[in-house]
Amino acid sequence: MAKAKNIMHELSITQSIVDTAIEYAQKEQVSKVLELRVEIGALSGVVPDAVEFCYSSVTQGTLLDGTPLVIDWIEAKGKCPECGHEQIIDNYFNTCEKCGGLALEVICGEELRIKELEVE
Ligand SMILES: [Zn+2]
């Protein structure tokens, strides 16, 4: 059950990414999209594999049918408010590995966006 729910989550996200890309392509009167590049951060809650899995069915019969999807995975980084140490984090509850400080400031890793649309 949990797995199906996760896929549903990625399906709607993939759908909105694809919709946005198509909307843009139509507005710019693009005839063909050569590549769709998206950034997914480790804290976005989105599983890249699941997005890839949903992508081909979501794009079927659309302007993006056959357009390769490139996913840039972005590691999450946090900065300690106490000592300024920066480290890789995997959730919002990580503590500073240097001083044990709490509430690390998130520097990156929440990305979920279209980075680039390569067009013809
Ligand atoms: Zn610290």
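Before the structure, one definition: a residue counts as buried under 20% relative accessible area, as exposed over 50%, and as partly exposed in between. What you see above is a predicted model.

I'll start with the zinc site. The protein donors are the SG atoms of Cys80, Cys83, Cys96 and Cys99, lying 2.3 Å from the zinc ion. The angles that the four donor atoms subtend around the zinc ion run from 104 to 115°, which makes the arrangement tetrahedral. Along the chain, the donor residues follow the spacing C-x2-C-x12-C-x2-C. Take two of these donors, Cys83 and Cys99. Cys83 sits in the loop between β3, residues 76-79, and β4, residues 86-89. Cys99 sits in the loop between β4 and β5, the latter being 105-108. So the pair ties together parts that are 16 residues apart in sequence.

Now apply the definition. Cys83 has 42% relative accessibility, so Cys83 is partly exposed. Cys99 also has a relative accessible area of 42%, and therefore counts as partly exposed.

Next, backbone angles. Most residues other than glycine have a negative phi. Which residues here have a positive phi without being glycine? Gln29 is one of them, with a phi of about 55°. Gln29 lies in the loop between α1, residues 2-27, and β1, residues 33-41. Its relative accessible area is 72%, so Gln29 is exposed.

Ala103 is another, with a positive phi near 55°. Ala103 is found in the loop between β4 and β5, and Cys99 lies in the loop between β4 and β5 as well. With a relative accessible area of 61%, Ala103 is exposed.

Note on methods:
Residues numbered from 1 in each chain as written. Predicted model: local features only at pLDDT ≥ 70, side-chain atom pairs only at ≥ 80, totals over all residues. Heavy atoms only, no water. Donors = N, O, S within 2.8 Å, 3.2 Å for Na, K, Ca; no water. Tetrahedral: all angles 85-135°; square planar, octahedral: opposite > 155°, others 65-115°. Helix = DSSP H or I, 4+ residues; strand = E, 2+ residues; numbered from the N terminus. Buried < 20%, exposed > 50% of the residue type's maximum accessible area, 1.4 Å probe, protein only.
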